[in-house]
Amino acid sequence: MPQSLQIVFHGVDRSEAVEQAVTKNVEALRRFDQRLGPCKVTVSQEGHQTIGEYSVRVDVLASGHDVIVNRSNMDVMLAINDAFDSVRRAVKDEADKRRNH
């Protein structure tokens with residue numbers, strides 16, 4: 001687990017399923033960076049609840065660099081998965097650079 005994980009819900013009700021999905025994805029990042037720093041994930045929904053697109057913003061400190069990713073989708077779980085796919089690639093790239101230097 002990173003030093004700290006903060007999950008913020010904005011304009012959408014808190015969801016245990018979303019919290020579990022985010023936690024699982026953050027834990028998976030540790031395979032690439034054992035010293036993963038603080039992570040903040042913001043889940044929001046534009047417009048009226050149940051109508052607008054979900055936005056997921058992930059902000060994590062990896063290898064001393066801030067990695068910030070924003071993804072949107074009508075399905076919150078797809079938005080989470082898309083965001084963490086991008087974060088995973090960035091964290092892996094930073095870890096590879098660190099190992100090669």
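Asn-81 is found in helix H2; helices (H or I, at least four residues) and strands (E, at least two) are DSSP runs, numbered from the N terminus. This is a predicted model, where local features need pLDDT of at least 70, side-chain atom pairs count only at pLDDT 80 or more, and totals for chains, interfaces and linings use all residues. Residues are numbered from 1 along each chain as its sequence is written, and side-chain values use heavy atoms, with hydrogens and water left out.

**Confidence**
- The chain has a mean pLDDT (the predictor's confidence in each residue, from 0 to 100) of 88, and 93% of its residues reach 70 or more.
- Confidence is lowest in helix H2 (residues 76-100), with a mean of 88, and highest in strand S2 (residues 39-45), at 96.

**A look at Asn-81**
- Asn-81 counts as partly exposed because its relative accessibility is 37%; buried means under 20% relative accessible area, exposed over 50%, and partly exposed in between (1.4 Å probe, protein chains only).
- Asn-25 lies 56 residues from Asn-81 in sequence, and their C-alpha atoms are 8.2 Å apart in space.

**The sheet**
- Four strands form an open sheet in the order S1-S2-S3-S4, with mixed pairing; two strands pair if DSSP finds at least two bridges between them.
- Strand S1 (5-10) and strand S4 (65-73) are the edge strands, each pairing on one side only.
- Strand S3 (residues 54-62) runs antiparallel to S4, and 9 bridges join them.
- Across this pair, Ser-55 stands opposite Ser-72 in S4.
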